[in-house]
Amino acid sequence: MKRSQREAALRGSTHLLRLSLPAVRSNGSFEGADILGESGAGPAAVLYQVYRSVMAWALTPAAEHSGLFAPGAGDETRHRVAEAEVPRELVPALETVCELLDDPAGADPGRISEACLRIGEWADSRGDTPATALRFLQAAATCSPNDARVAYRAGCAARRRAVWDVAELWFRHASAVSRRKRDWEAHATAYAGLGNSYYRQGRYLPAEREHLKALRIARRHGLRDLQGGAYHDLFAVTAGLGNVAKAEEYGRSAFRAYGSDHKAIPALAHDLGYFWITQGEHQRALPVFQALRPHFRDAETRMRVLATLVHAAGGAREAAVFREAWTEAWDLTSKLEESTALTTSLLEMAYGAVKLSEWDLAHSAAVRALGRAGARGEIDVIVPAEQVLSSICTLRGQVQSPASPTRVSEADEFAADLVSSLVASTATV
């Protein structure tokens, strides 16, 4: 982001939107052209036209709205909507845009923003129309430049598409608007959104800075949920920085801030458990993942938990737990052939099998992970899968030493508290 844009964002200036958004971001093509590759040819063409019309109106000064569109533009768009067999749930929102085309000078920005928000949420929920989701959430935020929460939604959509500069623009805009309106929840959330954007880029120090801002605002204004979220985010950042003691301290603070029965505790427990596995603390992580199993029921998240449980059980040399979890996880793989969770889960299973000297199982999981990752170009899986296969050749036939007992530490006591919380809340899952 340029300096002038950053300063405008900090002031919450709508001039920033006028300067930046027409060029954000169609990879050198017409603005919004990426919509045309989604939703089917007919609906996509209509949505592209609607998006372009809304943005032209939103970025034109109000004094120039009269006569912005040709006479009959609204009726022409209604005809195209009918011909294109647009999904029925979008028709009310598109009718609102047609009314804008009928009378651009009299249109209500709030109604137009809401219509774009509905289209954006529809596209977001589909999962296969990310460009459409981003475009319409941006349009919604542009129509309502003083709504920090809609700007935050646009930032999240840009972050999911890894359009980092656009995400930063929206998060900073949300921060500036929410500060002016003294909406402290939205203010803290905007900093958290920006911090998570930096985190996903591997920029841990800037991420830590933004999450500390979110934490200070949440503590100052008694926003307990956001305090828990900020500590949770800071745990992830400091773990990425390799600061084990500080990461565990933030994890404990998140647990205290959330409260033991908070809906975010399973996610926190999963993150902490995986962190302990990376530290070689399999015995500590194992009961956490066992207690997590009832909390994740959809196939994809359950696969992630089971695969990590396999890893923990292998590292802890708990053969019975390993085999039971392996069987369920391996059966699930056939249901997740198109899931992004499959390759990383297979790799976790291979790690657990290696630690338990289950060479054939390790080989099967690693080969399958490698083949799938190669087809998808997932370098972050290809390299470690090849390393697993190499280690199998090296270690096969060697006698593995038994796991050595360790003394109970403060982290072990914290893990026990997490397990007690998860078990206690199982009845409500």
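## Terms and model

Helices are DSSP runs of at least four residues, numbered from the N terminus. The model described here is predicted.

## The largest pocket

The largest pocket has a volume of about 560 Å³. Its lining is made up of 16 residues, and those nearest the centre of the pocket are Tyr199, Phe235, Ala236, Asp271 and Tyr274.

Three helices, H10 (184-200), H12 (224-240) and H14 (265-278), each contribute at least two residues to this lining. H12 gives the largest share, with six residues. By class, the lining of the largest pocket holds seven nonpolar, five polar and four charged residues.

## The pair H19 and H20

Two packed helices are described by the angle between their axes and the distance between the axes. Helix H19 covers residues 359-376 and helix H20 covers residues 379-395; their axes come within 9 Å and cross at roughly 155 degrees. Angles over 145 degrees count as roughly antiparallel, so H19 is roughly antiparallel to H20. The crossing of the two helices is left-handed.

On the H19 side, the contact involves Trp359, Ala362, His363, Ala366, Val367, Ala369, Leu370, Ala373 and Gly374. These meet Val381, Ile382, Ala385, Glu386, Val388, Leu389, Ile392 and Leu395 in H20. Sorted by class, the contact of H19 with H20 has 14 nonpolar residues, two polar and one charged.

Definitions and conventions: Residues are numbered from 1 along each chain as its sequence is written. This is a predicted model: local features need pLDDT of at least 70, side-chain atom pairs count only at pLDDT 80 or more; totals for chains, interfaces and linings use all residues. Side-chain values use heavy atoms; hydrogens and water are left out. Axes are lines fitted to C-alpha atoms, for helices over the stretch in contact, and angles run from 0 to 180 degrees between N-to-C directions. Angles under 35 degrees count as roughly parallel, over 145 as roughly antiparallel, 65 to 115 as roughly perpendicular and the rest as oblique. A crossing is left-handed if the near helix is turned anticlockwise from the far one by less than a right angle, and right-handed if clockwise. Contact means heavy atoms within 4.5 Å. Ala, Val, Leu, Ile, Met, Phe, Trp, Tyr, Cys and Pro count as nonpolar, Asp, Glu, Lys and Arg as charged, and the others, Gly among them, as polar. On a 1 Å grid over the protein atoms alone, a cavity is a set of points where a 1.4 Å probe fits but cannot get out, and a pocket is an open set with protein on both sides within 12 Å along at least five of seven lines; lining residues have an atom within 4 Å of a point. Grid points are joined across faces, edges and corners, and a volume is the space filled by probe spheres set on the points.
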